Protein chains: 2
Amino acid sequence: MTREESLLARRQRLMGGAYRLFYGRPLHIVRGEGVWLFDAAGRRYLDAYNNVPHVGHCHPRVVEAICTQAAALNTHTRYLHEGVLDYAEMLLSRFPPGLEIAMFTCTGSEANELALRIARLATDRPGIIAVENGYHGNTWLTAQISDEEPGEPREDRIAIVPCPDTFRGTCRGPDAGARYAQAVAQAADRLRERGYPPGAFIMDTVLSSNGLPDIPADWLPEVVAVVRAAGAVFIADEVQPGFGRMGGHFWGFERLGVVPDIVTMGKPMANGHPAAAVVTSQDLVDGFGARASYFNTFGGNPVSCAAARAVLEVLDEERLPENAREVGQYLRAGLEALAERHAAIGDIRGSGLFQGVDLVSDRATRAPAGKLAQAVHNGMRDRGVLIGTIGAHDNVLKIRPPMVFSREHADLLLACLDEALAN
Amino acid sequence: MTREESLLARRQRLMGGAYRLFYGRPLHIVRGEGVWLFDAAGRRYLDAYNNVPHVGHCHPRVVEAICTQAAALNTHTRYLHEGVLDYAEMLLSRFPPGLEIAMFTCTGSEANELALRIARLATDRPGIIAVENGYHGNTWLTAQISDEEPGEPREDRIAIVPCPDTFRGTCRGPDAGARYAQAVAQAADRLRERGYPPGAFIMDTVLSSNGLPDIPADWLPEVVAVVRAAGAVFIADEVQPGFGRMGGHFWGFERLGVVPDIVTMGKPMANGHPAAAVVTSQDLVDGFGARASYFNTFGGNPVSCAAARAVLEVLDEERLPENAREVGQYLRAGLEALAERHAAIGDIRGSGLFQGVDLVSDRATRAPAGKLAQAVHNGMRDRGVLIGTIGAHDNVLKIRPPMVFSREHADLLLACLDEALAN
């Protein structure tokens, strides 16, 4: 029995059968540094998948912030602490006016839960509209609005609208935005008919689980107008696109020409230390606070805030959003060059350091090539580069590295992708 | 404007009105060590309230474990890692047979969410029975089964049973267990009539929000027999009593003569680093895993597991569960001595390092003295000792210090409580 086989057997015995691992032969990672992960045998992998270690695995500034604060104090938000206020101020300065209050949770699931509770209590409307094939978390309610194996039958107060897929779907043409807004209006009508007037429309602002579809410029403003006319609020799930990943804009919603009512964020916020947040308006918090109070034992604790603050400081000092834009453009050009030689590349989407490569078995029909994507995913791993796959057909290569990804790293990824596609 | 007033104004502006602070004049804590907290003016407070820093504020072993692992690697459970397996093995060794699988979350709310999803999918029954005035979390579903200002109207699939209050309530006499089991059976019937057959009965095994009522020995076994006969599982919420706090037993359920189907834990697990878990049987995980998969981005990450492992090691090496029993008995004797001189002490409950002092305005009627409890709470703070208040009438002094609380600390607390009650 190899060491990995023995770990797998222990894992099955101790953690059971509901967990999933990446890859046919799972990786046994023991160390991380910048864009690199190292397995137990000392092999190095270029990490072009993990967005959680946002400023790079084990960034010394973040590690130092965690160590220093963990040695001094770790309490909660029922005492006054400057760390949480300093971080709230830094974070809110990245938002347009109106998005002025920060509330802290530990995970993106909890942030979406809090956002949905705020929407529910502030609007007094229980209905929720979400986009098909989305992912918003692993709790009961967030699983209800996610399509990744929720398992449970969906509640009547939830309506799902199709994903605005501009590559394969119907969301094309000059009136795509208006037609889509109509679909959302119909979903709102369905909820009202069932006795659940809509209080929230929630969307990942890069639709990452849907394979990063390109969204027409007029699309979201029209949808949000319909949502607000129905008495609901727009919750922008920024867990994936937030913190400068897309290059050019710090938040995903900024690319789409809309200011949300509530914003949720998570994964990259503290470089892997469990931290997440909700940002919203005074009015909505007042509406919520009139009917409920909020406390999260670990949310907004001094150590989490120190780690999150270090992330914002490193993003600024190392100019990582700019790096995401520049290296993202370079990577995009490289992918487009590959597309000239590999007919399997049907489309390239995304921006900054979140790129999706849509693999097809036929460019004319755009038939998704899910099996090929899995083969390329495993082939890249064999060549020492970690990527993922996304999309309803799992045929979109997901390239989403730490923000310290450079041109040299992009060159290595492109060379390996060239080989893996040629195989 | 004092420094605290300025922090309060910033907090209101940046974090809004749904958060609550402790005390009329909130504390501004900047440093912690063992059982001590220090405010910005350098004043020292004996912490007899916080259970999250379980082995003491900033325990060097836990801080070192966090720093070492954060500098080496922090990823997730989709790669193999020995740290999570070693911790799962250590944790599961503290459970009786049948509680054999560990799944990881970041917070107690998430642990209860996962437990309820496992129960829902494995039993295929949507109904939930919970105890009145309980607290199980801040997400939608956990707020639905909590009485602390949930704000939202309660869903039809939830039934609440009264708390088995042996001091003021009806849960007294030799047949108390049987009568209570009947109340649970009636709740199960109500759920079935509404079309939601019960899949879960959830209870904090020390009923902490209810003021630590003494539970008759036969109570829980009879209730759980009814729960299982109805096709539901028993979820023991060990977020408060777990990890040796009650002295004598490592888990709250062990005091009550029942082996749960699912156990949830959180707060003290990693001494304040966000970590929590669900422990259950292979069968229930298989039933869940057949219909859903599970992943939690930060749950079970190497740093959280290193911190949690250090907590278990310190508990063993410093014999802290034994300390909880010994110092708990000493503290209890001191509280009983105070009761001889202070008629306001109506009852003393709990065990180990979780004691509740029920204040009354009249020992004969047992009328709860909520205002007095608040005055004592604030009076203790003025004397440099932090405690809390709990119970449906908020009249029970909550004494729940870090596990490194000694006899000397107990003496200081008792002396201050004597003064505060005399005032």
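This is a predicted model: local features need pLDDT of at least 70, side-chain atom pairs count only at pLDDT 80 or more; totals for chains, interfaces and linings use all residues.
Local features need pLDDT of at least 70 and side-chain atom pairs count only at pLDDT 80 or more, while totals for chains, interfaces and linings use all residues; side-chain values use heavy atoms, without hydrogens and water. Residues are numbered from 1 along each chain as its sequence is written, with chains lettered from A and ligands numbered from 1 in the order in which they are written.

**Symmetry.** Chain B can be laid on chain A with an RMSD of 0.0 Å, by a turn of 180° and a shift of 0.0 Å along the axis. The superposition is by least squares on the C-alpha atoms of residues with pLDDT of at least 70 in both copies. The two copies are thus related as by a two-fold rotation axis. In chain B, the C-alpha nearest the axis belongs to B:Cys67, 2.7 Å from it.

**Cysteines.** One disulfide (a pair of cysteine sulfur atoms within 2.5 Å) is found over all chains. A:Cys67 and B:Cys67 form a disulfide, with sulfur atoms 2.4 Å apart. The pair crosses between chains, from helix H2 (residues 60–72) of chain A to helix H2 (residues 60–72) of chain B. Helices (H or I, at least four residues) and strands (E, at least two) are DSSP runs, numbered from the N terminus. The sulfur of B:Cys106 is 6.6 Å from the closest cysteine sulfur, in A:Cys106, too far for a bond. For B:Cys305 the closest cysteine sulfur is in B:Cys106, at 10 Å, also too far for a bond.

Buried means under 20% relative accessible area, exposed over 50%, partly exposed in between (1.4 Å probe, protein chains only).

| Residue | Relative accessibility | Class |
|---|---|---|
| A:Cys67 | 17% | buried |
| B:Cys67 | 17% | buried |
| B:Cys106 | 0% | buried |
| B:Cys305 | 3% | buried |

**Sheet.** In chain A, seven strands form an open, mixed sheet in the order S4-S10-S9-S8-S7-S5-S6. Two strands pair if DSSP finds at least two bridges between them. Strands S4 (101–105) and S6 (158–161) of chain A stand at the edges with a single partner strand each, so one side of each has no neighbour in the sheet. S4(A) and strand S10 (residues 276–280) of chain A pair in the antiparallel sense over five bridges. A:Met103 has A:Val278 in S10(A) as its bridge partner.

**Helix H11(B).** Helix H11 (residues 370–382) of chain B has 13 residues. Among its buried residues are B:Ala373, B:Val376 and B:Met380. H11(B) is followed by B:Gly384, whose phi is positive, near 85°.

Conventions. The expected span of a helix is 1.5 Å times one less than its number of residues.
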